[in-house]
Structures are given as C-alpha cells and as structure tokens.
Amino acid sequence: MTAAGDRLIIVADGPSAAGFVPPDGVPIMAVKGAILWLPRADYWFSLDPNARTFAMLARRRPGVRYAAAVPPEVELPEGVERLERIAAEPNRTPMPPRNRGPEWWAWRLGAVTPLSEVPGRIHTGNSAWGALGWAYHLGFRRVLLVGVDGTGQRRVSDGARPRQLAHLPFLFEQALPQVDLASVSRLGRVPRVTLKEWLTDARARR
C-alpha cells in the first residue's frame with residue numbers, strides 16, 4: 001500500500017492516453033510503452049517477453065518499481081520483479097457461442113479471468129490486464145484505466161498499431177466484482193468517467 005491510499009491510475013498506450021498528465025498525489029502504473037512518454041510513473045508492468053520490452057528494461061527510470069510476468073525460462077534483468085504468469089491451456093473450455101466477439105477472443109488468446117487472488121500470480125490476456133492484477137495484489141482497489149481502449153488505433157508512444165484487442169472489454173468486466181474500476185474510454189460495462197470526475201469522486205470518498 002502506498003501513502004496515497006488505495007487509488008491508482010493504470011496508463012497504457014492507447015489513443016485515449018494522448019495528452020494525459022499524471023495528477024499530483026495519485027500513483028501511476030505504466031504499461032509497457034507508456035513509460036516512454038509519461039512524465040512520471042511509480043510502477044511499470046509487462047506480460048510480453050519481446051525485444052521492445054527488454055529495450056525498455058535496459059533503460060529503466062530511477063524510482064520506478066518494475067515487474068514482469070513472463071515464462072519461467074525467460075531471464076529478467078536484476079532489479080525487475082518476477083511475477084508468476086498464469087495462462088490458460090489451449091482448448092481448455094468449449095468455444096464461446098459469440099464467435100469472434102470479445103469473449104471468443106479471450107478464449108482464443110488463452111486469457112484467464114477474473115483477477116488472481118493468489119499473491120504474486122498474474123492472470124494473462126493482455127499487459128494492461130496483467131497490470132491490473134499486480135495492482136490488485138499491491139492493495140489498490142480504486143483504479144482508473146487510461147489508454148486501455150481495446151481498439152486497433154495507433155499507439156501513443158510509437159504510432160504502431162497494436163495486435164488483437166477485441167477481448168479487452170470482456171477481460172476488464174470480469175474484474176468489476178473485485179475492483180472499483182473505471183475507464184476514460186468506452187470499455188464494455190466498465191464505468192466511463194473523465195479524469196476530473198474520477199479525481200473528484202475519489203477525493204470525496206477519502
């Protein structure tokens with residue numbers, strides 16, 4: 001738990017993060033490439049053991065707590081926390097009926113829901129989803145998502161298009177019973193708010 005209490009903003013690299021400025025007094029968890037442009041971050045997380053991830057880990061920012069949930073055979077640099085990656089087995093359940101909808105894509109990509117209740121274990125599906133899992137283990141219960149859009153629009157950090165993200169609404173909906181979750185963009189049944197609304201509500205409830 002941090003001095004700021006149970007509030008946290010998770011910032012990914014989707015278009016709704018463009019122009020985002022971290023507000024004072026709220027911890028920030030950067031997801032992968034968001035660390036490249038955020039002026040401030042307290043945490044960093046990734047599920048992806050790829051070259052882009054390791055390039056970021058080679059240039060870590062002082063004062064940022066880094067963690068990754070990668071396969072056990074993947075070596076992490078010293079100083080990066082290793083979290084246990086929990087992935088679903090292929091064809092573990094029957095194919096959902098809504099073929100090629102959010103739930104189908106979650107099934108196809110081997111996502112695991114809801115958030116793990118076992119400390120140190122991170123359910124896979126997407127790095128922003130994994131970041132929420134880590135935040136949950138850290139004790140954060142009121143979380144705002146920024147740049148977690150579930151669209152194919154270009155990333156803020158490098159202008160590249162992301163891989164398949166159609167499953168994100170389904171993933172984050174599964175965390176609603178566990179976390180007071182909101183988003184600045186439309187994400188299924190996750191409440192949509194502005195940053196100002198979220199900050200105002202969070203301050204009123206402290």
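User: In which loop does Arg40 lie?

Analyst: The model is a predicted one, and in it Arg40 lies in the loop between S2 and S3. This loop joins strand S2, residues 28–31, to strand S3, residues 43–46.

Let us begin with Arg40 itself. Its relative accessible area is 27%, and because a residue counts as buried under 20% and as exposed over 50%, Arg40 is described as partly exposed. The side chain of Arg40 is joined to the side chain of Asp42 by a polar contact of 2.9 Å. If we set aside the neighbours of Arg40 within four places in sequence, the residues in contact with Arg40 are Pro22, Pro23, Val26, Pro27, Ile28 and Arg61. For one of them, Pro22, the separation can be given in two ways: Pro22 and Arg40 are 18 residues apart along the sequence, while their C-alpha atoms are 6.8 Å apart in space.

The loop between S2 and S3 also holds Lys32, which has a positive phi of about 50° although Lys32 is not a glycine.

S2 and S3 belong to an open sheet of seven strands, whose order is S5-S4-S3-S2-S1-S8-S9 and whose pairing is parallel. At the edges of this sheet stand strand S5, residues 81–82, and S9, each of which pairs on one side only. Helix H3, residues 127–138, packs on the sheet and touches S1, S2, S3, S4, S5, S8 and S9, and the direction of H3 makes about 130° with that of S3. Strand S1, residues 7–11, pairs with S2 in the parallel sense over three bridges, and Val11 stands opposite Ala30 in S2.

For a contrast in setting, consider Gln178, which is placed in the loop between helix H4, residues 168–173, and strand S9, residues 180–183. Gln178 is buried, because its relative accessible area is 16%, and this value falls under the limit of 20%. The side chain of Gln178 makes a polar contact of 3.0 Å with the side chain of Glu117. Beyond the residues up to four places away in sequence, Gln178 touches Pro114, Leu115, Glu117, Tyr136 and Arg141.

Terms used: Residues numbered from 1 in each chain as written. Predicted model: local features only at pLDDT ≥ 70, side-chain atom pairs only at ≥ 80, totals over all residues. Heavy atoms only, no water. Helix = DSSP H or I, 4+ residues; strand = E, 2+ residues; numbered from the N terminus. Buried < 20%, exposed > 50% of the residue type's maximum accessible area, 1.4 Å probe, protein only. Polar contact = N/O pair within 3.5 Å; in protein donor to acceptor, adjacent residues only side chain to side chain. Contact = heavy atoms within 4.5 Å. Pairing = 2+ DSSP bridges. Axes fitted to C-alpha atoms, helices over the stretch in contact; angles between N-to-C directions.
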